[in-house]
Amino acid sequence: GGKTCPEEFNYRTCNIQDCPEGSGNFRYEQCAEFNNRTLDGRKYKWVPYIPGVDRCGLNCMPKGEYFYYKWGEKVVDGTRCGQDSYDICVNGECKSLGCDLILNSKAKEDKCRVCNGNGENCRTVRGSYYDSGEGYKEFLVIPPGATNLRIEEIKPSVHFIAMADSKGKFFFNGNYVVTNPRTYKFAGTLFRYERTEAGKEVISALGPTTEQVHVGLLTADEPNPGIEYEFSLPKSVVVLPKKAKYSWKMDGFSACTASCAGGYQVRRVFCARDRDGKVVDDIFCDYKSKPQTRRQCNDSPCPPRWFISGWSACSSTCGQGKQVRRVVCRRVEKDNRETLSPIRDDYCDSRARPVDRQRCNEGPCTTKWLTSQWSECYPKCGRGISTRMVYCVSVTDESQKYPDTLCNNSTRPQNQKQCVSDRVCPPMWHASQWSRCTATCGTGMKMRNVVCAQDEGKILRVVPRDLCDRNHSMPSIEKCSTRPYQPSLAPTVEVCEDDESVAECSIVKRVNYCRHSFYQKACCKTCRGT
């Protein structure tokens, strides 16, 4: 009737065969096209970011940053709507795709991810875990080929679920460090790690897994309200892998550090997997049952012997002087404590008695100090040090050198001084002092700030990190070990700050984790409410 009809399009999928082994992610490739673009004066390496409300827009995030940018209103048709979804984007909208990869198909997967399967060759494994304790407690081993995994706390708790491979390498929440919830890729699939506002943890994955995954609970000596889990396997998988068992192993004690008056011996104590003897991190073994690594030995007192003090100052700076020292007979008791007063000299061997006086400064009195020229400033940029040689020589013959002790030390010229070069140094890495170890015993973490900075004489100006050589960057976090806790007789002053690299402190307080000493230190400011 003379009206213009709107254009209508019909869509269908094509090239639905699997991509060759090693092919890149299609959405990654679209974001990578903007790696050479400048945004706010900087260039970034872009990776995909998929917000919940705009799954088909070309949203990308700079690698290592915490913001995203929308480079396009829509991704290329055929791009997956999500990492673990069959659905694809078509003209900027997410369209349903069946497991047969046909648009708007009703084909569904069964529990073992067989397309249009009825589950007849599939079985589902379910279980629960209620044990309590302290430290890491492994409660489940997920075999290769597992699909539709779900691990969920029955109620919120102060515990954290951790996952590791068969070698003991943690994927998250390992080494007593609580990590942020997000999607992790390991064992051939994507694991979605979630933590509700109330603190309840949920882990899910479509699978199938390509290797064993060990699931444990980081417990805090509190009741465990329970964890439920389930996953599916082909019926052909009959035997499930058993949970690994670990125990303490030890080497022999070393030789005693002292032959008398109390020494000590040490030995290596380590955690090993019972199945094959492989050494793993100590967190897999029960710390309360760890054998001692040190013991006392040879407690009997030592025989009396001569003790000497340091020499006194020489009575003369030149010519011929004398100096004396104290020589006494003492006996060392237990723990290397000396007797409070000397014992009679006849208890010690008179033939081995050290001398208590000697001559000194027998050189001439006509000496002086002689210096060389100042060296160039080193390093050859920014602030540095210049040095020179200082000699003690004869007044009448400067080529005749004497030991420094024959010259007057109070008039000795300085042999180094600070200097500043006209040349500006390039930006370099600078680090603060290491923090205290987060653990009072066993294994913990220590941190420090590492920045890229330009030395401008009196100040260090922080500059972007990419201006420094990344090959020479310094670590900002390291493992640290401390000895078993021993009470200190001296009072200590502790700085009360939050260390967000160790734990997410707002969550620690919300789940009442502040009752435990580890998190009281890592989240001191939040836990005390200061």
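**Disulfides**

I began with the S-S torsion of Cys271 and Cys285, which is about 80 degrees, so this disulfide is right-handed. Cys271 lies in strand 20 (residues 269–273) and Cys285 in the loop between strand 21 (279–280) and strand 22 (294–297), so the pair ties together parts that are 14 residues apart in sequence. I note the sulfur distance as 2.0 Å; the rule for a disulfide is a pair of cysteine sulfur atoms within 2.5 Å. Helices (H or I, at least four residues) and strands (E, at least two) are DSSP runs, numbered from the N terminus.

This is a predicted model, in which local features need pLDDT of at least 70 and side-chain atom pairs count only at pLDDT 80 or more, while totals for chains, interfaces and linings use all residues. Residues are numbered from 1 along each chain as its sequence is written, and side-chain values use heavy atoms, with hydrogens and water left out.

I checked burial for this pair: both Cys271 and Cys285 are buried. Buried means under 20% relative accessible area, exposed over 50%, and partly exposed in between (1.4 Å probe, protein chains only). The count of disulfides comes to 16.

Next I looked up Cys437 and Cys480, whose sulfur atoms are 2.0 Å apart in a disulfide. The torsion about their S-S bond is about 90 degrees, so this disulfide is right-handed. Cys437 lies in the loop between strand 32 and strand 33 (442–447) and Cys480 in strand 36 (residues 477–482), so the link ties together parts that are 43 residues apart in sequence. Cys480 is buried at a relative accessible area of 10%.

I then took the disulfide of Cys496 and Cys524, S to S 2.0 Å. At -110 degrees about the S-S bond, this link is left-handed. Cys496 is in the loop between strand 36 and helix 2 (505–510) and Cys524 in helix 4 (residues 524–528), distant parts of the chain 28 residues apart. Cys496 and Cys524 are both buried.

**Sheet 32-34-35**

I found an open sheet of 3 strands in the order 32-34-35, with antiparallel pairing. Two strands pair if DSSP finds at least two bridges between them. Strand 32 (428–431) and strand 35 (460–462) are the edge strands, each pairing on one side only. Strand 34 (residues 450–455) pairs with strand 35 over 3 bridges, and Asp455 has Leu460 as its bridge partner in strand 35.

**Aromatic rings and charges**

I count 15 aromatic pairs. Rings of Phe, Tyr and Trp (its six-membered ring) pair if their centres lie within 6.5 Å; planes under 30 degrees apart count as stacked, over 60 as edge-to-face and the rest as tilted. Tyr69 and Trp71 are edge-to-face, 4.7 Å centre to centre with 70 degrees between the planes. Tyr69 is partly exposed at 34% relative accessibility, and Trp71 is buried at 17%. Phe186 and Phe191 have ring centres 4.3 Å apart and planes at 0 degrees, so I log the pair as stacked. Phe186 is buried at 7% relative accessibility, as is Phe191 at 1%. One aromatic cluster is formed by Phe34, Tyr44, Trp46, Phe67, Tyr69 and Trp71.

I also looked for charges over rings (NZ of Lys or CZ of Arg within 6 Å of the ring centre and within 35 degrees of the ring normal). The charged end of Arg353 sits over the ring of Trp306, 5.3 Å from its centre. Lys401 lies over the face of Tyr391, 3.9 Å from the ring centre.
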